[in-house]
Amino acid sequence: MMNEKLLKRLMQKAIDVSIKNVERHGGPFGAVIAKDGKVIAVGKNRVTKNNDPTAHAEITAIRKAALKLKTFDLSGCEIFSSCEPCPMCLCAIYWAHIDKIYYGNTQSDAKNIGFDDSFIYDELKLKPADRKVAMQQLLPDKAIRAFEDWNRKEDKVTY
């Protein structure tokens, strides 16, 4: 368990990254992943710099932490984000098994400057056929093969 002073220092680092990123023409988001109080990875929003819509600060930090620790399981880590994670980042944090999220700005703060993710939360509640992005299932009888093969595999690495 980290003490309050260390928590604030790590949160301030994420905030500083977000401020510097704005100065360098990037998005206003920064993230830090720590384990046992030590910084493992720092991420900043690289969406426009990398032409990558998935290059949010939390995602870039997760990618760096996983490479550094040589594992896809970031259990024991905590993430400090300058803003409450968007739906994509929140999912990535869950998939990475990060233990705790600390954040500065809220969804509402992000919405106020043009980063409104509320429509995504609304879309997730809908049936696939009712979503704004058209979805159509194709070849489910063929696609199931990979799942059947995976299910029978005895040496699989679950995640």
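1. A residue is called buried under 20% relative accessible area, exposed over 50%, and partly exposed in between. The model discussed here is predicted. On that scale, tryptophan 150 counts as partly exposed because its relative accessibility is 37%, whereas tyrosine 159 is exposed, with a relative accessible area of 66%.

2. Four aromatic pairs are found in a search of the whole structure. In one of them, phenylalanine 29 and phenylalanine 115 have ring centres 4.9 Å apart and planes at 90°, so the arrangement is edge-to-face. This pair links distant parts of the chain, 86 residues apart: phenylalanine 29 lies in the loop between α1 (4–23) and β1 (30–35), and phenylalanine 115 in the loop between α5 (107–112) and α6 (118–124). Phenylalanine 29 is buried, at 15% relative accessible area, while phenylalanine 115, at 36%, is partly exposed.

3. The rings of tryptophan 150 and tyrosine 159 are also edge-to-face, because their planes stand at 70°, with centres 6.5 Å apart. Together with Phe72, these two residues form one aromatic cluster.

4. Which residues have the most contacts inside the largest nonpolar core? They are Ile33, Ile62, Ala65, Leu74, Ile79 and Ile98, in a core of 21 residues. Two or more residues each come from β1, β2 (38–44), α3 (57–69), β3 (77–83) and α4 (87–96); α3 gives the most, with five.

5. Leaving aside residues up to four places away in sequence, isoleucine 62 touches Ile33, Leu74, Ala92, Ile93, Ala96 and Ile98. A second, separate core has 10 residues, among them Leu6, Leu10, Met11 and Ala14.

Methods: Residues numbered from 1 in each chain as written. Predicted model: local features only at pLDDT ≥ 70, side-chain atom pairs only at ≥ 80, totals over all residues. Heavy atoms only, no water. Phe/Tyr/Trp six-rings, centres within 6.5 Å; stacked < 30°, edge-to-face > 60°. Helix = DSSP H or I, 4+ residues; strand = E, 2+ residues; numbered from the N terminus. Buried < 20%, exposed > 50% of the residue type's maximum accessible area, 1.4 Å probe, protein only. Core = buried A, V, L, I, M, F, W, Y, C linked by side-chain atoms within 4.5 Å. Contact = heavy atoms within 4.5 Å.
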